[in-house]
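Work through the exercises below with the sequence and the coordinates open, and try each task before reading its solution.

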Amino acid sequence: MHFLLLYSLKLWWFLSRKTAWIGLLWLIIPPVVAQNPSAIWYRQPARNWNEALPVGNGRLGAMVFGRPAEELIQLNESSLWSGGPVNRNPNPGVATYLPQIREALFREDYAAAAKLTQHMQGLYTEAYQPLGDLLLKQSFTGQPADYYRDLNLKNATSTTRFRADGVMYTREIFVSAPDQVVVVRLTAGKKGMLNLTASVRSPHPVTKSAVGRDALIIRGKAPAHADPNYVNYNPKPVIYGDSTGCKGMRFDWRVNVRSTDGTVSADTAGIRIQNATEAVLLLTAATSFNGFDKCPDSEGRDEKQLAETYLKKALSKSVDAIRQAHMADYQRYFNRASFTLATAAPVNLPMDERLKRYAEGGADPELETLYFQFGRYLLISSSRPGGPPANLQGLWNPMVRPPWSSNYTTNINAEMNYWPAEMVNLSELHTPLLDWIGYMAVTGRETTKNFYNARGWTVHHNSDIWGASNPVGDKGKGSPSWANWAVGGAWLSQHLYDHYLFTGDKNYLQKYAYPLMKDAALFCLDWLVEDPQGRLVTAPSTSPENVFITEKGLKQSVSIATTMDMGLIWDVFSNVIQASSQLDVDAEFRKELSDKKRKLFPLQIGKNGNLQEWYKDWQDEDPQHRHVSHLYALHPGREISPLTTPQFADAARKTLAIRGDGGTGWSKSWKINFWARLHDGNHAYKLLRELLKLTGVEGTDYAKGGGTYPNLFCAHPPFQIDGNFGGTSGIGEMLVQSHDGLLNLLPARPDAWATGEVKGMKARGGYELDMSWKAGKLTRVTIRSALGGNCRLRVTNALRGDGKTRLQIAKGTNPNSFFQQPENRYQTTKPETPANGVYIYDVATEPGKAYVLLGAN
């Protein structure tokens, strides 16, 4: 029935319409019965936000509900935040507490240390804000039938279709990056039957004005301050007024009828379109945001001029031209990589039913590959060069006080958003985070000086578009277990160096990344102190959001030398040492870091065979806590690996066994990456299946764990986009790893992925890989080398060259400088050591050339 209906619809459109748009419509309407691995589709409208479908261009975002009678399109603009530039010294004089805290810690008075640490807090961050809603009210009698809505990942377009009063109505929505507009195209299957009103609303105080007969302008201001959603002690958690003329970002939002064959009229109640067959609305918006250090009010950009410029440019182009430019822009990113698996029986169900079937144990390889691509889609849609990084909800947020302010949570979540960027061939989309790190360093230098009398820069566990870097907590109201974690700069520096390792951009390393990395290491040097045994430790030190139980049975969170702290500092020291060597600079500083690195408090294996999280072998208050921060050294760090430190890899396995496979959405995503790094593909796959557990739970309920909402958003709960990005990263780590001194192909392939193909995966050293495999064995590998050099491969079956490619057994240390292994006191084996049927090959590559290898059997 569905097939005949859709075939008839397409044929009717083709015969009855002569515009180029209809030819494009033919291409973008997916037949319900024909399997389309790139479409997420449903038989009903979204009941709530977690069922709506996201579209975006990195700056403008929309959540499409697909409601027939009153369509709801919730809108965002990526720079619209509450507040203004941060107070860089919000709690003067607190550095005097630091010696007291350290003295208390070394006498093991952890309660006193925690109380003192709580004094060393600043202000909370600001919150990411919604722009408002577009409502499309359409009148008809009876219940709509033949309903269909989708999000097509191939063309980044959401389509809603339904029949009412014998007329088929279609709505298509996409967000153009080249033209900076949201495009809403509305059509009726019978001439003159499209009648609707487009109205707008905003949670902020706004003014509305009609311009001519076909346009609306909405202007307003974001709050001067918005408390985090978990702060409940202020009588006015949201404040709009600001007497300083600094805080409170202005915005200008416009809706315009681009074209229609009907009649149009407009007033502040909305735009009315009557007796039309089709209509196209263009939406755009701009804010007065002018940089992290500029008052958005008194020093803001002219948001009116910006919005007018965007709209004028789009109105000068045909809708077909806007769509073509959108498609070309989007697909130049999306089409770079693909992942397919052998599928015995394609599953042709709406996404909600498909997820339910999958959660009940049904096989669905195409859902797994779709989830991988959905993560790539979300990054393309929420992170573009020149704009802010993807935040805790990416680009999409309907609340003035969203969960955790929808900010940048830098003790895991902000970094997780960008774990997949390089490996899935979206390197340019990493740059918003890399640029933002530079802004963080500006305020971070003030933070280290004012809070610790230290050099360099760092960031604590929360930040925002204003580059907040101080420990939050509202000057003592927050728990030190999360507010006073002080080594975010070291973690962010890993992203700076990884971008270089993947791209080989030495100019970027020299002029931008290395100075920031060096200053982050400089703070770590000053942050470290000697313990009574002469080992370098951090004090105070926390393991984010976790609590330990002392020998006396007391629950505490502040100690010294947590394993996460030491792993992060080992990592930033190692990366700066390597980068300075690559650049041939700072030999004395490099030696100082090497000497200090050898004195770092060591990794420890506890009585249960696990990697210790704390300074002592204490018990956790919650043995299955969602944070597994001490395994940073395994992932995304590289201090622990089965190929180099098997004893500590075994301890990491034991840690994960004790923590268990439960956890919230992002936590389960991180565990997928952990198990992939441990080369246990079947365990990683088990967690991937659990991550895709359908949930309709709204609100925060850690006890019920995470999963996936019907729209494929990851449920913390509530929604956090890091779980999506972490899941895509985990799949990438199962397929290719390049952190261990070589390219490890299919290092964690699960049994369920016996036959498949991946194209366009990136690896450190400037390599791009295509791989196909059958019955678990590689059949073809294509290596494209951007930088040249020795490409060392680790594979589980024998390969041979294709007649043009020379393949040889690897010997000695990999001479490629991009695969230099840091000095590691725990290393007992070499990554090149073949074992259990593993083959290690070398291929000499030249820049710009491709090399093909085939399965030997």
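## Domains and basis of the model

The centres of domain 1 and domain 2, taken over C-alpha atoms, are separated by 47 Å. Domain 1 comprises 51-82 + 131-334 and domain 2 comprises 756-855, with bounds that come from an automatic or database domain assignment. The model is predicted, so that local features need pLDDT of at least 70 and side-chain atom pairs count only at pLDDT 80 or more, while totals for chains, interfaces and linings use all residues. Residues are numbered from 1 along each chain as its sequence is written, and side-chain values use heavy atoms, with hydrogens and water left out.

## Exercise 1

Classify the aromatic pair formed by Y124 and Y230, and state which parts of the chain the pair ties together.

**Solution.** Begin with the criterion: rings of Phe, Tyr and Trp (its six-membered ring) pair if their centres lie within 6.5 Å, and planes under 30 degrees apart count as stacked, over 60 as edge-to-face and the rest as tilted. The structure holds 39 aromatic pairs. In the pair of Y124 and Y230 the centres are 5.8 Å apart and the planes are at 80°, which makes the arrangement edge-to-face. Next, locate the residues, using helices (H or I, at least four residues) and strands (E, at least two) as DSSP runs numbered from the N terminus. Because Y124 lies in the loop between α4 (110-118) and β5 (132-138) and Y230 in the loop between β13 (225-226) and β14 (238-239), the pair ties together parts that are 106 residues apart in sequence. Finally, consider accessibility, where buried means under 20% relative accessible area, exposed over 50%, and partly exposed in between (1.4 Å probe, protein chains only). Y124 counts as buried at 12%, whereas Y230, at 33%, is partly exposed.

## Exercise 2

Are N425 and D584, neither of them a glycine, buried or exposed?

**Solution.** Take the backbone of N425 to begin with: phi is positive, at about 70°, and the residue sits in the loop between α9 (413-416) and α10 (431-452). With a relative accessibility of 7%, N425 counts as buried. D584 also has a positive phi, of about 55°, and is placed in the loop between α14 (563-583) and α15 (587-598). Its relative accessible area is 67%, so D584 is exposed.

## Exercise 3

Which peptide bonds around P717 are cis?

**Solution.** The bond joining H716 and P717 is cis, with omega about -10°. P717 lies in the loop between β28 (714-715) and α19 (722-735), and P718 is in the loop between β28 and α19.
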